[in-house]
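Subject: Structure for you to look at

Hello,

Here is the structure I said I would pass on. Please open it beside this message and follow along; my notes come after it.

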Amino acid sequence: MKRLACLGIAVFLGLFAFGQDIPKIGLILATGGLGDRSFNDQSYWGAERAAQELAARYEVSTKDVFSYVEPRSIADYEAFQREFARAGEYTIIVCIGFDQAPILEEVAPDYPDQKFVVIDAVAAADNVASIVFNDWEEAFLCGVVAGMLTNTGKVGVEGGMDIPLIRRFVQGYTQGAMWANPKITEDDVLVRYVGAWNNPTLGKELALEMYQAGADIIYGAAGKSHLGVFAAAEENPAWWALGTDVDQAWSAPEHADVIVASGLKRVDLAVYTEIMKAVEGTWSAGVISYGMVSDIGIGTGIAFGPWTINDYITASYSEAALPNSLVHEILTKLVEAVDGIMSGSIVIEHE
Amino acid sequence: MGILSLNLFISALRLATPIALVALGETYSERAGVINVGVEGMALAGALSCAIVAYFTGSPALALIAAIGIGASLGALHAVWSVYLRADHVVSGAAVNLLVTGFALFLTRVIWGWRGTSPSAPTMNAWILVGVGVFLIALSQVYIFRTPWGLRLRVVGEHPRAADTAGINVYRTRLFYTVLNGALCGLAGAFLFNNLGRFTDGMVGGRGFIGIAAMVVGNYRPLPALLAAYLFGFVDALQMRLQEYIPSQFSLMLPYILTVIVLAGFLGRAQVPKALGKPYIKEQG
């Protein structure tokens, strides 16, 4: 009898939970996994923030509204995507990383009622929202800082590989530097590619080579490889570095003295926004761009200086010893650049 | 400023050092008859243990000892598998590589909460290790070809039965030089760590395998292997500077094209130790 009562209560509670229709978030991280202090961690924060809000709203624990997995290799993606979709209980499934897109393109049509989001790539399917970022905008702002800061009139950029994604960084950076400092020509922007995302030893040698060739500030867009840029910058007090996607003065705190600024790509914001859209019923499939001149109007920016100025120029953990007057000057120029990009008077060319 | 500057040669020396140290270690173990493709993992383990010890003790000297010790232990593991248990040398070495790669991700996450990366840790001047490397290589050239111990080493790799008959303990000799190989790989890892100031899981990045290639090009002799390693380092340093003039896709190919060409030219001519990779079974009646 007692057992029956328990069962009854359980069924009742189950029905109650079901009746309330509590939303649930599924997150499939990229192969880099948690602890990368970049992309994956950011995605996790975005989903976690949404989960906490939902948990508070429905008075459940975050575990009831949020599940995530860390695939070990690209081969795991499909199994996880199908597993989440087959469960049928997820309001939205968020897939992180460009390499999930081709697989999702195959998987998504099999589950037409399931909402999917893929970050950083386009998957052509009717039930997938493909999130892309205007990377060139963060690169442009980093170029502005580089152009303002350089004493030698030469700036550098270290890319991971010569691929469209990274070329857009290079293009944005070059234009930013030239816009901020008319003395800089295209020839004064040194461009080098490591050929790998996880070879900081070579990344350091490349950076030293550019510094020795006269560049005094280098922008790293090479994943873990450009940790070598920071290590190289430590060797001479006249050398500076710029980071990518997150405030790297925070993610690589030992180098906060040489990392002047970092371009920002708010993956956390995009993940959070897409989840909440799905919960509120305003979600739609298709390609959605994040950035200054984009569908959403937010999502790229720069971390520089001690104050947060607006949605695009935010405070940095940088401990670079710059004179206050210079910081003010650069901030003024950054505000001008953001205004220009937003108003359309600055058009950043990119492929 | 032209491409052929002093900085080019200095950069090449830094890039060549880990390759040369691995090549030296591999020269020892292969001269004794043990193939060790686990060099990549041994160097990675050296770099990781160096980072861990430097981070927690703040002493780069202790960290160096740890790196060499861990490298040597993995060498011993490989020797037990391949020499005493007669496992296939390549399989055993590959096992070491897989073991270390997985362990590195696990340990960095457990210790620092980061995946595959350590925070910065105290370092020593990496140039000290460059000097140590060059010194060890010169010393080894003499040791292998001009001393009785070197002769014993070579006999064990060429004709273990003859060595055994002459009273040389084949197993112990192979164990010793495989451990030495591991220790030198650990030293290579320590150089990589001290050069960058932190550990990342990709920091060896194929330099171990290129070290084996350098040993083959050097024809199982330490000094020529050093020159081969320097050639590899030089081309790598050169390709960075060439990126100014030719597309990076092409310049990044250069080190690999060179490896293929040089190996194709040298493999036939190399005098491979006759008993290389063959397990030695003591007389059984």
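A:Pro306 is exposed, because 11 other C-beta atoms lie within 10 Å of its own (a residue is exposed at 12 or fewer such atoms within 10 Å, buried at 20 or more and partly exposed in between, with C-beta atoms placed from the backbone). This proline sits in the loop between E12 and E13 of chain A. Its C-alpha atom is separated by 21 Å from that of A:Glu234, and the two residues are 72 residues apart along the chain.

This is a predicted model, in which local features need pLDDT of at least 70 and side-chain atom pairs count only at pLDDT 80 or more, while totals for chains, interfaces and linings use all residues. Residues are numbered from 1 along each chain as its sequence is written, and chains are lettered from A and ligands numbered from 1 in the order in which they are written.

Seven strands of chain A make an open sheet with mixed pairing, in the order E7-E6-E8-E9-E10-E12-E13 (two strands pair if DSSP finds at least two bridges between them). Strand E7 (189–193) and strand E13 (313–314) are the edges, each pairing on one side only. Inside the sheet, E10 (residues 259–265) and E12 (residues 300–304) of chain A are antiparallel and share five bridges. A:Leu264 is found opposite A:Gly301 of E12(A).

Helix H6 (residues 135–149) of chain A packs on this sheet and touches E6, E8, E9, E10 and E12 of chain A; its direction makes about 165° with that of E10(A). For such angles, axes are lines fitted to C-alpha atoms, for helices over the stretch in contact, and the angle between N-to-C directions runs from 0 to 180 degrees. Helix H8 (residues 200–212) of chain A lies across E6, E7 and E8 of chain A, at about 160° to E6(A).

Helix H7 (residues 164–180) of chain A has 17 residues. Its buried residues include A:Ile166, A:Phe169, A:Val170 and A:Tyr173. Among the elements that cover the buried residues of H7(A) are H6, E6 and helix H12 (324–343) of chain A.

How far apart are the end C-alpha atoms of helix H4 of chain B? They are 34 Å apart, which agrees with the 34 Å that its 24 residues should span at 1.5 Å a residue (the expected span is 1.5 Å times one less than the number of residues). B:His89, B:Val96 and B:Val100 are among the buried residues of H4(B), and these buried residues pack against helix H2 (39–57) and helix H3 (60–84) of chain B. After H4(B) comes B:Gly113, with a positive phi near 75°.

Cores and the contact between chains

The largest nonpolar core has 151 residues (a core is a set of buried Ala, Val, Leu, Ile, Met, Phe, Trp, Tyr and Cys residues joined through C-beta atoms within 7 Å). Helix H8 (residues 170–196) of chain B gives the most to this core, 16 residues. Another core, of 48 residues, lies apart from it and includes A:Leu54 and A:Ile93.

The contact between the chains takes 30 residues from chain B and 27 residues from chain A (residues are in contact if their C-beta atoms, placed from the backbone, lie within 7 Å). On the chain B side, H1(B) gives the largest share, four residues.

Regards

Terms used:
Helix = DSSP H or I, 4+ residues; strand = E, 2+ residues; numbered from the N terminus. Contact = placed C-beta atoms within 7 Å.
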